[in-house]
Amino acid sequence: MPDLVRAIVAEHRTTRGALLPILHDIQDRFGFIDPDVVPILAHELNMSRADVHGVITFYTDFHDEPAGTATVRVCRGEACQSVGADKLVADAEQVFGVKTGQTTPDRSVTLRQVFCLGNCALGPAAQINGRLYGRVDRGRLIEVLANEGDS
Ligand code: FES
């Protein structure tokens, strides 16, 4: 992994604000940002580990552990909030038995929150394994996930 991380850094070394595109590439490649890459990035980019860690934790798009088999992203943006996003989040947490940001112990589902999926007119919105769904409620969430398992 360190060699691949260094190769990704090399691709972006001359880019202004290189850390963000580097982190995106690492997450695309590995599915998450392994905490072990922090010292490598700090060294390569001449930054402190705290600064690198701070960027990773500031952006909700970056994750420091691998996701489950299915990733459920529930929108908590304003438009979705106004039509029941909080209830959907509470239902999802109850259905999966985890809080947002966590993965079920069997690693079948990772539950995440986002703040707009660009589907505001059809809230509450959710994205499941990259597919966008509108007017999602508890029943539809369960149904969609069951169908995802079939596909
Ligand atoms: S606010 Fe939920 S999709 Fe835009």
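Student: Before we start, what are the ground rules?
Tutor: This is a predicted model, so local features need pLDDT of at least 70 and side-chain atom pairs count only at pLDDT 80 or more, while totals for chains, interfaces and linings use all residues. Residues are numbered from 1 along each chain as its sequence is written, and side-chain values use heavy atoms, with hydrogens and water left out.

Student: In what order do the elements of the chain run from the N terminus on?
Tutor: Helices (H or I, at least four residues) and strands (E, at least two) are DSSP runs, numbered from the N terminus. The chain has 7 helices and 4 strands. Written out, the order is α-α-α-α-β-α-α-β-β-β-α.

Student: How many Å separate the centres of domain 1 and domain 2?
Tutor: The bounds come from an automatic or database domain assignment, which gives domain 1 (2-58) and domain 2 (70-150). Taken over C-alpha atoms, the centres of domain 1 and domain 2 are separated by 29 Å.

Student: Which residues form one aromatic cluster?
Tutor: Rings of Phe, Tyr and Trp (its six-membered ring) pair if their centres lie within 6.5 Å; planes under 30 degrees apart count as stacked, over 60 as edge-to-face and the rest as tilted. The structure holds 2 aromatic pairs. Phe58 and Tyr59 have ring centres 5.0 Å apart and planes at 85°, so they are edge-to-face; Tyr59 and Phe62, at 6.1 Å and 75°, are edge-to-face too. The cluster is Phe58, Tyr59 and Phe62.

Student: Is Phe62 buried or exposed?
Tutor: Buried means under 20% relative accessible area, exposed over 50%, partly exposed in between (1.4 Å probe, protein chains only). Phe58 counts as exposed at 62%, and Tyr59 as partly exposed at 35%. Phe62 has a relative accessible area of 7%, so the label is buried.

Student: Which ring does the charged end of Arg29 sit over?
Tutor: The test is NZ of Lys or CZ of Arg within 6 Å of the ring centre and within 35 degrees of the ring normal. The charged end of Arg29 is 5.4 Å from the centre of the ring in question, and that ring belongs to Phe30.

Student: What is the closest N and O distance between Arg13 and Glu44?
Tutor: A salt bridge is a side-chain nitrogen of Lys or Arg within 4 Å of a carboxyl oxygen of Asp or Glu, and the structure holds 8 of them. For Arg13 and Glu44 the closest N and O atoms are 2.7 Å apart.

Student: How many residues apart are the parts that this pair ties together?
Tutor: Arg13 counts as partly exposed, at 42% relative accessibility. Arg13 lies in the loop between H1 and H2 and Glu44 in helix H3, so the separation in sequence is 31 residues.

Student: Which helices hold Arg138 and Asp91?
Tutor: Arg138 forms a salt bridge with Asp91, with closest N and O atoms 3.3 Å apart. The pair links distant parts of the chain, 47 residues apart: Arg138 is in helix H7 (residues 138-150) and Asp91 in helix H6 (residues 85-96).
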